[in-house]
Amino acid sequence: MEEKKLAIIATKGSLDWAYPPFILSSTAAALGYEVEIFFTFYGLQLLKKKLDLEVTPLGNPGMPMPMAMDKWFPVILTALPGMQAMMTGMMKKKMADKGVASLEELRELCQEADVKLIACQMTVDLFDMNPSDFIDGIEYAGAARFFEFAGESDICLYI
Amino acid sequence: MADFDQELDASGLNCPLPILRAKKTLAGMEAGQVLHIIATDPGSVKDFEAFAKQTGNELMESKEEGGKFHFLIKKA
């Protein structure tokens, strides 16, 4: 069987949106795909050694909230200090209760399966990010490097 | 249930962990050997079908018993 290729651009740095790139990549790798993820802008948060990601109910009408708060809780109050931390805590607990893997675990599984993780050099420079904050084994490169792989990929996703 | 060489209990784990653990366990097995996987994630039924189809490992059996899902996969 010829190896298929999956290319992903990961652009988001919130707890909820951190999952799709790592779930899809680890699964694709298990199915025999060769996988590369290009992390750009806020997606670079997913490469930090210490993941400190949060989920926000603000401006997110589709997010189910505890006690059906998404149905009756005034939207403007989701901007209150502490709401984001509370929702993040609840989300993490829910994920653990339901046997959903932690991001650290999924990311490690991706690395074990030789998923190539590429950090956008431009973003690193733009936000004055420190490469020593990032995990080992990643590559720093630009858009052309992404296309080298994406151009021959079977599936290409922008997340 | 037919004989198997190794068993993997993925109970309580959610997508995509049962598949990832199965893949890892199969990697340490010989061709022709059979892996018995136990899972509680209802999504794993379709997922193991798809896994077998795409990896060439044979899904010999898939059934629900006592609220759990059981799969037998023969390594290609």
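In chain A, 77% of the contacts with a separation of 6 or more join residues 24 or more positions apart, two residues being in contact if their C-beta atoms, placed from the backbone, lie within 7 Å. The model is predicted, with local features requiring a pLDDT of at least 70 and side-chain atom pairs counted only at pLDDT 80 or more, whereas totals for chains, interfaces and linings use all residues. Residues are numbered from 1 along each chain as its sequence is written, while chains are lettered from A and ligands numbered from 1 in the order in which they are written.

Chain A contains six helices and five strands, where helices (H or I, at least four residues) and strands (E, at least two) are DSSP runs numbered from the N terminus; along the sequence these elements follow the pattern β-α-β-α-α-α-β-α-β-α-β. Of its 159 residues, 29% are buried, that is, have 20 or more other C-beta atoms within 10 Å of their own, with C-beta atoms placed from the backbone.

Chain B has two helices and four strands, arranged along the sequence as β-α-β-α-β-β. Its radius of gyration, taken over C-alpha atoms, is 11 Å, close to the 11 Å given for 76 residues by the globule rule, so chain B is as compact as a globular protein of that length; the rule is 2.2 Å times the number of residues to the power 0.38. Buried residues make up 30% of chain B.

The contact between the chains takes twelve residues from chain B and twelve residues from chain A. On the side of chain B that touches chain A, α1 (17-27) and α2 (44-55) of chain B are the elements that give two or more residues, and α1(B) gives the most, with four residues.

How values were computed: A residue is buried if 20 or more other C-beta atoms lie within 10 Å of its own, exposed if 12 or fewer, and partly exposed in between; C-beta atoms are placed from the backbone.
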